Amino acid sequence: MESDANRIDWQMLWVKYKETNSVELRNALAEHYLPLVRFVCGRLAVSLPPHLDRDDLLSSGFFGLLDAIDRFDLARNIKFETYAALRIRGAMIDYLRSKDWIPVSMRQRIRKYEQAVAKLENELGRAATDKELAAALNISLEELQTLINQCNSATIIPLEEYLKTDVSEAIDTNPANSTELFELKDTLAKAIERLPEKERTVVSLYYYEELTLKEIALILHLSEARISQLHTKAIFRMRGYLAQNKEDLV
């Protein structure tokens, strides 16, 4: 943990950079916050397929960090790490989207599964069981498990397609009191509350406590593969709920 003296030094460096726009000072700040890029990359890359280069993802995140340093306003009452993480993640997601790594056939299967989850859970008013989902899709339980595992790569970008509110822009506009951001968080909270207990726990530990899937597996005494599957199932349930409520998010 940094001492008070070090914190003051970095604060002074920020002030000098904003006064001078010195490339040297910007580079010093970028080097200091570089671990944040690695942290965001590590969380996003949980399900990256082998053919996607992690170094390219890190590079895109680094440019997101530079953008965050340039845009950050010292007068606003938010931590730079919070602001920068959004910019870094956004840059990485833009890179992943540009690669379009999910085959069309897989997209179709994912879409069919997602629609089945949303339709069935809307009818039931609760989380659907695997048996009910398999029946709705007219496949066996074994085939359903295989499909869920295949869908895992699509959860690298779990909710962006449905969250039309740009969180980073909301923070830019009104960091202290954003109505849109509050409504977004409220809708997400409702979506999480609808999840089965294990899936809700995984989502809470992963997105709120910022634990890795490996750490969650140790806590819940389950395999990392099982935690990954629970994460995938939870994300698709939430996407279905958010898709039905997205008019409230814009």
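The dialogue that follows walks through a predicted model of one protein chain, feature by feature.

Biologist: Before reading any detail, how many helices and strands does the secondary structure of the protein chain come to?

Modeller: The protein chain of this predicted model has 12 helices and zero strands, so that reading along the sequence gives the pattern α-α-α-α-α-α-α-α-α-α-α-α. Of its 250 residues, 43% are buried, and the accessible surface comes to about 14,000 Å², with 52% of that surface belonging to carbon and sulfur atoms. Among contacts between residues at least 6 apart in sequence, 67% join residues at least 24 apart.

Biologist: Where is confidence lowest, and where is it highest?

Modeller: The average pLDDT of the protein chain is 79, and 76% of the residues score at least 70. Confidence is lowest in helix 8 (residues 167-173), with a mean of 44, and highest in helix 6, with a mean of 92. Over residues 160-178 the pLDDT stays under 50, and for this stretch the model has 37 contacts beyond four places in sequence.

Biologist: Which residues touch the most other members of the largest nonpolar core?

Modeller: As a general idea, nonpolar side chains in soluble globular proteins tend to be buried together. In this structure the largest nonpolar core holds 26 residues, and Trp14, Leu65, Ile69, Phe80, Ile88 and Met92 are the ones that touch the most other members. Two or more residues of this core come from each of helix 1 (4-20), helix 2 (23-44), helix 3 (54-71) and helix 4 (80-99), and the largest share, nine residues, is given by helix 2.

Biologist: What does methionine 92 touch, not counting residues up to four places away in sequence?

Modeller: Methionine 92 touches Val37, Val40, Cys41, Leu44, Leu57, Leu58, Ser60 and Gly61 when those sequence neighbours are left out. There is also a second, separate core of 15 residues, which includes Met106, Leu133, Ala134 and Cys151.

Biologist: How many salt bridges does a search of the whole structure find, and which parts does the pair of arginine 26 and aspartate 70 tie together?

Modeller: The search finds 11 salt bridges. In one of them the side chains of arginine 26 and aspartate 70 meet at 4.0 Å, N to O; arginine 26 lies in helix 2 and aspartate 70 in helix 3, so the pair ties together parts that are 44 residues apart in sequence. Arginine 26 counts as partly exposed at 23% relative accessibility, and aspartate 70 is likewise partly exposed, with a relative accessible area of 40%.

Biologist: Are lysine 233 and aspartate 130 buried or exposed?

Modeller: Both lysine 233 and aspartate 130 are buried, and they form a salt bridge whose closest N and O atoms are 2.9 Å apart. Lysine 233 belongs to helix 12 (residues 224-245) and aspartate 130 to helix 6, so this pair ties together parts that are 103 residues apart in sequence. Elsewhere, salt bridges that share partners join Asp67, Arg71 and Arg87 into one network.

Biologist: When reading backbone angles, what is the phi of asparagine 21, and where does asparagine 138 lie?

Modeller: Asparagine 21 has a positive phi of about 55° although it is not a glycine, and it lies in the loop between helix 1 and helix 2, where it counts as exposed at 56% relative accessibility. Asparagine 138 is found in the loop between helix 6 (130-137) and helix 7 (141-151), its phi is positive and near 60°, and it is exposed, with a relative accessible area of 70%.

Definitions and conventions:
Residues numbered from 1 in each chain as written. Predicted model: local features only at pLDDT ≥ 70, side-chain atom pairs only at ≥ 80, totals over all residues. Heavy atoms only, no water. Helix = DSSP H or I, 4+ residues; strand = E, 2+ residues; numbered from the N terminus. Buried < 20%, exposed > 50% of the residue type's maximum accessible area, 1.4 Å probe, protein only. Contact = heavy atoms within 4.5 Å. Areas by Shrake-Rupley, 256 points an atom, 1.4 Å probe, with all protein chains shown as cover. Core = buried A, V, L, I, M, F, W, Y, C linked by side-chain atoms within 4.5 Å. pLDDT = per-residue confidence, 0-100.
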